[in-house]
Amino acid sequence: MFVFLVILNFQCAENSGDGSTHEVVHDSTDVVMEVTEVVHVNTEIPQGLRRLLAAYPEFLDSADGNNLYWKDGTVMVYDDGYDKTHEEKLNNPDLEDMMSQEYIPGVDWDSPPPEDFEPGRIRFEPFFKKMYGASSDQVNENLVSLKWIPGICGTTVKVNTVNGVAEKLNKISEELSQLPAEFHKYLARTGGTFNWRNIAGTNRLSTHAFGTAIDINTEYSDYWKWNNSTQYRNKIPIEIVVIFEKYGFIWGGKWFHYDTMHFEYRPELLNQAEEE
Ligand SMILES: [Zn+2]
């Protein structure tokens with residue numbers, strides 16, 4: 001509802017600036033213009049687009065029924081109209097595919113994940129390249145060094161400053177350091193952050209390539225590829241997960257193709273409560 005009102009205001013602002021003949025001369029051009037505007041205003045913005053707008057206000061300007069408008073003038077189509085299998089969504093997604101599965105934050109999630117249920121694993125790469133950098137060099141320009149959980153881990157890691165990712169990881173680091181001693185072993189090492197690479201066995205970039213993901217201690221982690229099985233396994237306590245989620249990071253342990261060491265910044269999948 002909030003976004004809808006913003007669009008209305010935007011339209012009003014446009015009207016007030018488009019000349020003075022509007023109220024005086026009702027010629028045919030005027031009528032056509034009004035019809036176009038009414039159609040635009042009444043177009044319902046899909047929930048996925050509204051969540052993207054709410055999550056990335058620094059970059060995104062507005063949306064309509066099937067387009068996302070960036071502040072730099074870029075337009076991205078939301079739904080390409082193709083029916084896809086899950087594998088096709090992973091390999092050739094649009095924004096709509098990316099937003100098609102609902103991430104459930106917190107303790108009460110559907111565990112183990114049903115087949116192919118893995119919100120966040122479908123990523124429309126051009127969307128992230130635009131914000132964080134489209135090459136290793138470009139991403140590098142946006143990275144800062146961060147001391148990760150001093151006193152428990154203490155490794156210096158490189159993370160992206162765009163969208164406040166580094167700041168949020170710093171807050172997560174502070175909160176994790178407050179956890180009781182029994183949690184320390186999961187955090188005592190890090191599997192790494194920035195690494196410009198594809199996901200093993202695919203042509204898809206890992207979110208580690210953007211410096212927006214972090215792996216915690218690999219020693220206590222389960223990864224479907226290492227296990228060579230999608231039979232769900234996990235040792236990471238949910239207390240750690242909810243701290244990450246609080247700052248917009250989703251957990252790979254909630255995926256059918258599980259990766260329980262992995263956290264990545266995806267606020268568009270965690271802002272349900274603000275939106276509805
Ligand atoms: Zn990872």
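1. Let's start in the middle of this predicted model. Its largest nonpolar core holds 51 residues, and those with the most contacts inside it are Leu-52, Leu-68, Leu-95, Val-159, Leu-169 and Phe-244. Helix α8, spanning residues 165–177, supplies the largest share of this core, with five residues.

2. Leaving aside residues up to four places away in sequence, Val-159 touches Leu-143, Val-144, Leu-146, Val-165, Ala-166, Leu-169, Thr-193, Phe-194 and Gly-211.

3. Next, find the open sheet of three strands ordered β1-β2-β3, where the pairing is antiparallel. At its edges are β1 (60–63) and β3 (75–77), each pairing on one side only. Ignoring direction, neighbouring strands here are turned by 25° against each other on average. Helix α3 (residues 47–55) packs on this sheet and touches β1 and β2, with its direction at about 160° to that of β1.

4. Ser-62 has Tyr-69 in β2 as its bridge partner.

5. Another open sheet has three strands in the order β6-β8-β7, again with antiparallel pairing. The edge strands β6 (213–215) and β7 (249–251) each have a single partner strand, so one side of each has no neighbour in the sheet. The twist from one strand to the next averages 20°.

6. In that sheet, three bridges link β6 with β8 (residues 262–265), and these strands run antiparallel. Ala-213 is bridged to Glu-264 in β8. Finally, helix α11 (residues 238–246) lies across β7 and β8, at about 145° to β7.

Conventions. Residues are numbered from 1 along each chain as its sequence is written. This is a predicted model: local features need pLDDT of at least 70, side-chain atom pairs count only at pLDDT 80 or more; totals for chains, interfaces and linings use all residues. A nonpolar core is a set of buried Ala, Val, Leu, Ile, Met, Phe, Trp, Tyr and Cys residues joined through C-beta atoms within 7 Å. A residue is buried if 20 or more other C-beta atoms lie within 10 Å of its own, exposed if 12 or fewer, and partly exposed in between; C-beta atoms are placed from the backbone. Helices (H or I, at least four residues) and strands (E, at least two) are DSSP runs, numbered from the N terminus. Two residues are in contact if their C-beta atoms, placed from the backbone, lie within 7 Å. Two strands pair if DSSP finds at least two bridges between them. Axes are lines fitted to C-alpha atoms, for helices over the stretch in contact, and angles run from 0 to 180 degrees between N-to-C directions.
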